[in-house]
Each structure stands twice: as C-alpha cells, then as structure tokens.
Amino acid sequence: MTAPGAPLRVVVVGFGPVGARFCEELLPSVRSGSIELTVVGAEQEAPYNRVLIAEVAVGQAEFDDIVLHDPAEIVDAGAQILSGTRVVRIDREQHEVEISTGEVLPYDRLILATGARSNIPTLVGVERRAYDAAALARAGTGVMGADPALPEGVTVLRDLADADRIGSAIRSGARIVVLGAGVLGLEFALLAARAGAQVCVVHHGPTPMPRNLDRGAGTVLARSLREAGVAVLAHSVAESVAFHAEEAGVRRFDALVTADGNYVRGDLLVMSCGVGARAELATAAGLRTAAGVVVDSSLRSWTDPDVYAIGDCAHVVDPEHVRDAGDRLPGAPSGLIGPGWRQADWLAAQLRAEAEGGSFQDEPPVERPAVVMLKGEGVDVVAVGDVSIELWDTPPYGESGPHRHVAQWADPQHGRYVKMVSRDGVLEAFASVGMPRTAAELTVLYERGGELPSDRSLLLRLDGPDDDPSAGGDAFAPTATVCWCNGVTVERVEASVHAGNATVACVGKDTRAGTGCGGCKGRLAELIERFGSPLLAPSA
C-alpha cells in the first residue's frame with residue numbers, strides 16, 4: 001500500500017472515452033506528483049467516440065473528427081500510457097495487474113473502464129463465447145479483453161477495424177443486412193442507405209426501437225425508414241447464418257435465415273444486438289459481477305474497496321437497497337456516454353481529494369432516465385421514459401397520488417407522431433417522431449421537471465409552417481441544456497460563439513458539446529446561426 005508521503009498509485013484499465021475522461025480529470029494531481037497514473041489501453045489509437053463510428057464507416061466523418069482526447073497531454077503531465085496492451089490478470093492480494101507483455105503493474109487504486117463489447121446473438125454458424133468464471137478458467141488469459149473472430153462477411157460495429165470493413169463493403173456496392181433495430185443499428189442503416197448501399201434491417205419485434213418507443217411511434221418510424229430507403233423485416237427471429245464457399249475454402253456470409261424460413265440474402269451481415277460489459281477480468285479475479293462489475297453508488301466494488309468501475313462496465317447497485325443479494329440484481333450499465341463521463345468526473349475528484357489529503361463531500365451522480373435520440377437524415381426521433389401506457393388506460397384500482405395522463409397526436413402519412421405522458425401536469429415521458437422542434441421543447445420541459453401547457457396542442461405548432469424559432473421560447477433560454485451528455489447550456493454555447501467559434505466542431509472542442517451521442521448537433525447549428533453571423537455556415 002501507499003507509504004506515507006508517497007503518491008497514490010492509480011492504474012486505469014481501458015483508454016476509451018470514459019477512461020480517457022477520468023485520466024484527464026486527474027491531471028492536476030498527476031502534475032503535482034500526488035498521483036502516479038498508469039493507463040492500459042487495448043487499442044493503439046487515441047480515444048475516440050464509438051457512438052459516431054458509423055459516420056466513419058460510411059465516409060461521412062474522418063477519424064480525427066471523432067477523437068476525444070490527445071494522449072500527449074496526459075503523457076506530458078507525467079502519466080504512463082500503455083497502448084495496444086491488455087491487462088490479462090488482476091492479483092487483488094498483491095495489488096497488481098499483469099499485462100499482455102508479462103509486465104506487472106502495482107496499484108493502490110484500480111479503475112476498471114473496460115467498456116462494453118457488442119453482443120453476439122445465438123446463431124447457428126457464429127461462435128458465441130461464454131464469459132462465466134468456469135469458461136474463463138478453461139480459456140486462459142488469452143481471452144481477456146479480446147473478442148472472438150467472426151466469419152467472413154459478418155461483423156459488428158464497435159471499433160475502427162469494423163468501420164474499415166464496413167466502409168470497404170459499402171464502396172464495393174455490397175448488400176447489407178443489419179440484425180437489430182436499436183438506435184445504433186438504425187443510425188447505421190440510414191447512413192449506409194444514404195451512402196448508396198442496399199440495406200435491410202431484420203428484427204424480431206413488431207416495431208423498431210421497442211425499448212424506447214410505443215407501438216404508434218415505432219410504426220411511424222418504420223414507415224419513415226422505408227421512405228429513407230431502408231427495408232425493414234419485422235417479426236423475424238434470426239436462427240442461423242448461411243455461407244457460401246470461396247477460393248481456398250473460405251466461408252463467406254450468404255444469408256440470414258429466420259425462424260419462418262425467410263432467407264435474407266446479402267454480402268455483409270452487421271450485427272447490432274446491443275452490448276454487454278467487458279467484465280471478464282473482474283469475474284476471473286473473483287469480484288462480484290452481474291450485468292457488469294457490481295459497484296456501490298461511490299463506484300467502489302462490492303468485493304474489494306480498492307477496485308472501482310466506471311462507464312459501460314459498471315453495474316451500480318447499493319447493497320443497502322437490495323434485500324436479496326443473490327444472482328439477480330436490479331439495474332444495469334446505462335450504455336450511454338453521458339452517464340459514464342459524469343461517473344469519471346466524480347470519481348476523479350474523489351481520488352484527487354484522497355491523494356491530496358483533502359475532503360470531498362459531493363454526492364455521487366444519480367442518473368434519471370436518459371433522453372434517447374435517433375440521428376438520421378430526415379428521420380428525427382427523440383424519446384425518454386416509459387411511454388407504454390395507452391391513451392385510454394385507466395389507473396390501477398387503489399393507486400394513490402396523481403394519476404398519469406396521455407396526450408397523443410399522429411400523422412403517419414407525413415411521418416409525424418408525438419406522445420406525452422404526464423403526472424399531475426408534469427412531463428414524465430414522451431416519444432416524438434418527425435417533430436424536431438416539439439421534441440426540443442419537450443426535452444427542456446423534461447429536464448426541468450416542468451409542466452406541460454394546459455393546451456397540449458400548443459406544442460404541435462412548433463413544427464408548423466408558421467412557427468418562428470427566433471421568437472424565443474424555453475429552448476433558447478440561457479440556462480436550457482443543449483448537450484445532455486456534457487451538461488452544456490445555451491449561454492455556454494453563446495459565449496463560445498462570441499469567442500469566435502463558428503462551427504459545430506469548433507464549439508465542440510471549446511465546450512465538449514456535441515462530442516457525446518451527437519444528438520445535439522442540429523441544435524448547436526441553430527444556436528451558432530442564431531448567435532453568430534448567418535454567413536458562417538456551421539459544419540457538423
């Protein structure tokens with residue numbers, strides 16, 4: 001352990017967006033010598049935004065456009081970065097980790113920021129690796145932080161290698177089959193279709209984005225997808241992958257076979273079936289894991305007080321809130337970049353205070369249900385909360401307190417739909433398709449816990465032909481949040497524009513706005529035009 005007067009030795013496993021943000025927030029203590037920081041990252045590249053990797057795959061963005069941090073800044077502060085290196089074993093008794101080169105690194109505090117990997121569904125013809133303790137013991141350290149090889153013509157979309165593979169297929173005119181109709185899969189499908197690819201989305205539910213949208217919103221979205229050039233096959237349960245043989249006996253993807261016998265042919269299968277935490281290191285080290293590394297609200301492992309987890313690998317559950325600490329635990333990692341960044345900021349502040357002998361009293365971040373945005377050319381989808389309640393549903397008998405009420409409007413022919421769920425007038429959840437200004441106003445109301453207007457139809461006029469966006473409104477109030485991932489307000493964007501930042505990219509570098517999910521880039525462009533010169537065209 002740390003000797004009196006010695007720096008606090010912090011080892012970070014994972015140098016993605018959340019791990020890099022954590023390191024960046026530690027730099028003042030690294031420069032002062034109170035923290036000795038070592039970072040181990042499996043990839044060679046600088047930390048980049050995986051949420052925007054689809055834009056790189058279709059050629060809409062370059063790698064430099066999605067880079068989030070400059071490793072040189074961290075190295076110049078006195079930290080050590082081991083890129084292209086994996087941690088293969090944690091020795092909790094000796095307080096050290098073994099890396100893939102055989103070197104051993106001692107630690108006082110171990111931070112797991114290993115992120116998540118793409119889920120591989122159960123399909124005949126595709127290997128699906130197990131990550132339970134017994135399987136890991138049989139497989140050995142070679143599987144730690146590594147992903148199984150997929151057959152030719154089958155890929156996920158998680159890193160730069162995947163983006164290169166998909167980009168080559170699109171440029172060659174490949175037919176693309178996307179398995180899964182979540183946000184990231186649909187965003188990629190829209191981008192690929194816009195790039196000229198023939199794209200078909202296959203999913204097992206009745207409508208796309210079932211975790212976020214009700215039937216009405218999903219139905220309107222499915223129609224909008226088809227109009228954007230994306231074929232959609234609903235109620236299709238994928239069972240197996242068919243291959244054809246190429247030269248030298250190489251098997252290549254030929255078709256996705258569904259339970260009803262449909263044979264969906266293509267040249268490339270892109271699996272977008274959600275993600276799972278990279279928690280195998282923790283599992284093999286005997287740490288409690290569930291949907292991720294199980295940590296309390298202070299992000300500290302249930303099993304070891306010197307181990308923490310942040311981001312997509314952290315399953316936050318307070319022990320005192322769990323009556324039965326069995327195998328099933330409530331919750332899961334959010335899977336969103338904003339909450340991971342807030343965890344990184346908070347934990348870094350806590351460790352800096354510890355290393356410098358100060359006190360840190362701030363409460364850990366508590367996340368509300370996150371606003372989900374689907375970014376696509378001509379397809380605007382925003383949703384948050386539980387919108388499954390139907391328009392004519394009555395409250396359960398005996399329910400106490402204010403009842404929920406639903407307001408709903410639909411124009412499927414023109415791809416527009418909105419549903420608002422309120423409790424005692426306060427917006428609790430909503431889903432919006434094809435109504436970007438209404439969605440922006442609802443997002444502001446949700447964030448503030450504000451009441452809906454008594455006449456809900458007033459909100460519909462925001463997307464009408466007579467609406468004047470420059471006439472004011474809460475969406476442009478100085479304290480209104482523009483970027484929910486980074487908590488950037490309108491007044492902060494205004495100050496950045498007045499300081500000379502005339503593009504979305506420049507404002508993003510100055511404020512971090514738009515560097516998360518990217519869903520706020522449209523609003524940033526509006527604000528830049530509003531606060532700057534109309535002649536300065538913002539670039540996304």
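Predicted model: local features only at pLDDT ≥ 70, side-chain atom pairs only at ≥ 80, totals over all residues.
Strand S2, spanning residues 35-40, is mostly covered, with five of its six residues buried. S2 is joined to strand S1 (residues 8-13) by six bridges, and the two strands run parallel. Within this pairing, Val-11 faces Thr-38 of S2.

Helix packing comes next. Helix H1 (residues 17-32) packs with helix H10 (residues 337-355) at an angle of about 25°, and their axes are 8 Å apart. H1 is therefore roughly parallel to H10. The two helices cross in a right-handed sense. On the H1 side, the contact is formed by Pro-17, Val-18, Arg-21, Phe-22, Glu-25, Leu-26, Pro-28 and Ser-29, while H10 contributes Ile-337, Gly-340, Trp-341, Ala-344, Asp-345, Leu-347, Ala-348, Leu-351 and Arg-352. Sorted by class, the contact of H1 with H10 comprises 11 nonpolar, two polar and four charged residues.

Two open sheets can be followed strand by strand. In one of them, three strands are arranged in the order S4-S5-S6 with antiparallel pairing. Strand S4 (87-91) and strand S6 (104-106) stand at the edges; each has a single partner strand, so one side of each is left without a neighbour in the sheet. Direction ignored, neighbouring strands of this sheet are turned by 25° against each other on average. Three bridges connect strand S5 (residues 96-99) with S6 in the antiparallel sense, and Glu-96 is found opposite Pro-106 in S6.

The other open sheet is built from five strands in the order S21-S22-S25-S24-S23, again with antiparallel pairing. Its edges are strand S21 (372-376) and S23, and because each has a single partner strand, one side of each is left without a neighbour in the sheet. From one strand to the next, the twist averages 10°. Inside the sheet, S24 pairs with strand S25 (residues 426-433) over seven bridges in the antiparallel sense, with Val-421 opposite Ala-429 in S25. Helix H11 (residues 436-448) packs on this sheet, where H11 touches strand S22 (379-384), S24 and S25. The direction of H11 makes about 155° with that of S25.

The loop between strand S23 (404-411) and strand S24 (416-423) holds Gly-415. Gly-415 has a relative accessibility of 10% and so counts as buried, the cut-off being under 20%. Apart from residues up to four places away in sequence, Gly-415 touches Val-220, Ser-224, Val-433 and Gly-434. Gly-415 and Met-435 are 20 residues apart along the chain, and their C-alpha atoms are separated by 8.8 Å.

Ser-496 belongs to helix H13 (residues 490-498). When neighbours within four places in sequence are left aside, the contacts of Ser-496 are with Asn-501, Val-507, Asp-510 and Thr-511.

Conventions:
Residues numbered from 1 in each chain as written. Heavy atoms only, no water. Axes fitted to C-alpha atoms, helices over the stretch in contact; angles between N-to-C directions. Helix = DSSP H or I, 4+ residues; strand = E, 2+ residues; numbered from the N terminus. Parallel < 35°, antiparallel > 145°, perpendicular 65-115°, else oblique. Left-handed = near helix turned anticlockwise from the far one by under 90°. Contact = heavy atoms within 4.5 Å. Nonpolar A, V, L, I, M, F, W, Y, C, P; charged D, E, K, R; others polar. Pairing = 2+ DSSP bridges. Buried < 20%, exposed > 50% of the residue type's maximum accessible area, 1.4 Å probe, protein only.
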